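Please keep the structure in view while reading.

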Amino acid sequence: MSTLFSSVSLGRYTLNNRMVMAPMTRSRSDDQTGVLTELVPTYYRQRAGAGLIITEGVFPSAMGKGYVRTPGIETDAQVAAWKQVTEAVHAQGGRIFMQLMHSGRISHPSMLPGGATPVAPSAITPAGQSFTSTGPQPFVQPRALRLEEIPEVIGEYRRAARRALEAGFDGVELHAASGYLPEQFLSSNTNTRTDAYGGSLENRARFILETLAALVDEVGGDRVGIKISPEMGFNDIKDANPRETYRYLVEQLAPLKLAYLHVATFGPQFHAYHTTFRSLFQGTYLRGGMLDRESAEAVLKNGEADAVVFGALFLANPDLPERFRTNAPLNAPDKQTFYSAGPQGYIDYPRLSTAG
């Protein structure tokens, strides 16, 4: 049997297979309330054959929202809607973690309470545009968080983790990649603070490590994961010495005893990161980044990861494990509907039983 279909331990759980569904923004929530639409439980239920589903990024508080029609986990209505998702996934025998995503400066006043200015470690405007309900708008200059506000933001993550468990999730993932708030603190081009959260590498990593510690304290390390993506460069993120930065960060994870480390990088130039992190991290290692069946099999066979993460392939193939198992042809993802509002390109990709 292929290694893809063998079980694997992840925190307190045993996954049915080693195929993980990547967190992917799909923009199918109510834009005013952050509550999931009725389409969302069906979408996740269809893909419950994954060993683990990691949800789209979910804002821990309204100030963390970064994109139109994205969901939150702050209000009772949001929690109630997510309960329908977890119940649907668990009914199919699946496991599901919620990705907690605070966008920081990658937002726009039109999406924030009272037209508030986005927050960040430093008041540095990112290059690029925000995709708002009225179309693309230039990013604005964010407001630097005051020192006394940082514990409040960490507290928002803690409460979000608690709410995620109330909604029935098996655990949470801290999104510390893709240029969002945790990586903004970590990276030298977005953090020019001179207090305890900036300057030295130790200080720049403090926000991530304190947030993880809060999550672990709230729900247990065996229900917490973290996602990183060194040198991805998304959302105008750069670091002066990324190899040193990320090695230090991963080294500091050991005492937290996290369920997993999720690393999304692709390209031969980044292979050394996986080699380094695999040797440093003692928990379950998840590797993602443009994998197909053949490359994923090789990663597992060579011991380079414990499980592998698929994005667009799961998006377009709700029964991806079965298609891999039977060598069936794959549906092609429709990029035009990745972020649209309706069922097309969301819950209407054919399964093998309905194809043809």
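Helices (H or I, at least four residues) and strands (E, at least two) are DSSP runs, numbered from the N terminus. The model is a predicted one, in which local features need pLDDT of at least 70 and side-chain atom pairs count only at pLDDT 80 or more, while totals for chains, interfaces and linings use all residues. Residues are numbered from 1 along each chain as its sequence is written, and side-chain values use heavy atoms, with hydrogens and water left out.

Spaces are searched for on a 1 Å grid over the protein atoms alone: a cavity is a set of points where a 1.4 Å probe fits but cannot get out, a pocket is an open set with protein on both sides within 12 Å along at least five of seven lines, and lining residues have an atom within 4 Å of a point. Grid points are joined across faces, edges and corners, and a volume is the space filled by probe spheres set on the points.

The largest pocket has a volume of about 1,300 Å³. It is lined by 45 residues, of which Pro23, Met24, Thr25, Phe338 and Tyr339 are the closest to its centre. Two or more lining residues come from each of β4 (52-58), β7 (129-132), β12 (260-264), β14 (307-310) and α10 (312-316).

The second largest pocket holds about 250 Å³ of space. Among its 16 lining residues, Gln46, Ala48, Gly49, Ala50 and Arg351 are the closest to the centre. Here α1 (40-46) and α11 (320-326) are the elements that give two or more residues, and α11 gives the most, with 3 residues.

The search of the whole structure also finds 1 cavity of 30 Å³ or more, with about 40 Å³ of space in the largest cavity. The residues that line this cavity include Gly57, Val58, Phe59, Lys65, Tyr67 and Met101.

The table sorts each lining by class, where Ala, Val, Leu, Ile, Met, Phe, Trp, Tyr, Cys and Pro count as nonpolar, Asp, Glu, Lys and Arg as charged, and the others, Gly among them, as polar.

| Space | Nonpolar | Polar | Charged |
|---|---|---|---|
| Largest cavity | 5 residues | 5 residues | 1 charged residue |

**Packed helices**

Axes are lines fitted to C-alpha atoms, for helices over the stretch in contact, and angles run from 0 to 180 degrees between N-to-C directions. The axes of α7 (residues 242-251) and α8 (residues 271-280) come within 10 Å and cross at roughly 20°. Angles under 35 degrees count as roughly parallel, and α7 and α8 are therefore roughly parallel to each other. Contact means heavy atoms within 4.5 Å, and in this contact the residues of α7 include Tyr246 and Val250, while those of α8 include Tyr273 and Phe277. The residues of the contact of α7 with α8 divide into 7 nonpolar, 1 polar and 3 charged.

In a second pair, α3 (residues 150-166) and α6 (residues 206-219) pack at an angle of about 35°, with their axes 9 Å apart.

Note on methods: Angles under 35 degrees count as roughly parallel, over 145 as roughly antiparallel, 65 to 115 as roughly perpendicular and the rest as oblique.
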